[in-house]
Amino acid sequence: MFKEELEKAQVMFKLARKNNWGHKYDRLEHFKRFQHLKEIVKSLSNIGWLIIYNKSNFTGISLNTQYKKEILEFIEKQMPHVKGMIG
């Protein structure tokens, strides 16, 4: 369970670092290095932290700005070494 939480934080950190909030999304294929990507995307979209954009040629994902505070707190809790690097 801990490893999956860390992977969630890493996916969200990558999105946040690239400033992928709201309508600015990144292609899902850019995250294929994550082992549990399908489960992570499903889990985070179920709680509303991740927005999924189904386009004709690809799927895009971005972070939900409504949960920015919670997302940043989660990332910093799971990855304390990145504290203050995003925001």
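Start by selecting Glu7 and Lys3, which form a salt bridge with their closest N and O atoms 3.9 Å apart. A salt bridge here is a side-chain nitrogen of Lys or Arg within 4 Å of a carboxyl oxygen of Asp or Glu. The two residues sit four places apart in helix 1, so about one helical turn separates them. Helices (H or I, at least four residues) and strands (E, at least two) are DSSP runs, numbered from the N terminus. Glu7 is buried at 3% relative accessible area, whereas Lys3 is exposed at 51%. Buried means under 20% relative accessible area, exposed means over 50%, and partly exposed is in between (1.4 Å probe, protein chains only).

Before the next click, some ground rules: this is a predicted model, where local features need pLDDT of at least 70, side-chain atom pairs count only at pLDDT 80 or more, and totals for chains, interfaces and linings use all residues. Residues are numbered from 1 along each chain as its sequence is written, and side-chain values use heavy atoms, leaving out hydrogens and water.

Stay on helix 1 and pick Lys8. Is Lys8 buried or exposed? Lys8 is buried, with a relative accessible area of 10%. Not counting residues up to four places away in sequence, Lys8 touches Ile40, Ser43, Leu44 and Phe74; contact means heavy atoms within 4.5 Å. Now try Glu5, also in helix 1. Glu5 counts as buried too, at 16% relative accessibility, and its contacts beyond four places in sequence are Phe74 and Gln78.

Next, the inside. The largest nonpolar core has 24 residues, and Met12, Leu63 and Ile75 have the most contacts inside it. Such a core is a set of buried Ala, Val, Leu, Ile, Met, Phe, Trp, Tyr and Cys residues joined through side-chain atoms within 4.5 Å. Helix 1 (2-17), helix 2 (37-46), strand 3 (59-63) and helix 3 (68-78) each supply at least two residues of this core, and helix 1 gives the most, with six. Click Met12 and show what surrounds it: leaving aside neighbours within four places in sequence, Met12 is in contact with Leu44, Trp49, Leu63, Ile71, Phe74 and Ile75.

Now colour helix 3. Its buried residues are Ile71, Leu72, Phe74, Ile75 and Gln78. They lie on the same side of helix 3 because they cover an arc of only 160° around the axis, taken from the directions from the helix axis to the C-beta atoms. On the face turned away from that buried side, look for the exposed residues Lys69 and Lys77. Lys69 also forms a salt bridge with Glu73, with the closest N and O atoms 3.2 Å apart.

Over to the strands. Strand 2 (residues 50-54) and strand 3 pair in the antiparallel sense over five bridges; two strands pair if DSSP finds at least two bridges between them. Select Ile51 and its bridge partner in strand 3, Ser62. Strand 2 and strand 3 form a hairpin with four residues between them. Strand 1 pairs with strand 3 as well, antiparallel over two bridges, and there Arg27 has Gly60 as its bridge partner. Four of the five residues in strand 3 are buried.

Last stop: Asn19, in the loop between helix 1 and strand 1 (26-27). Asn19 has a positive phi of about 60° although it is not a glycine.
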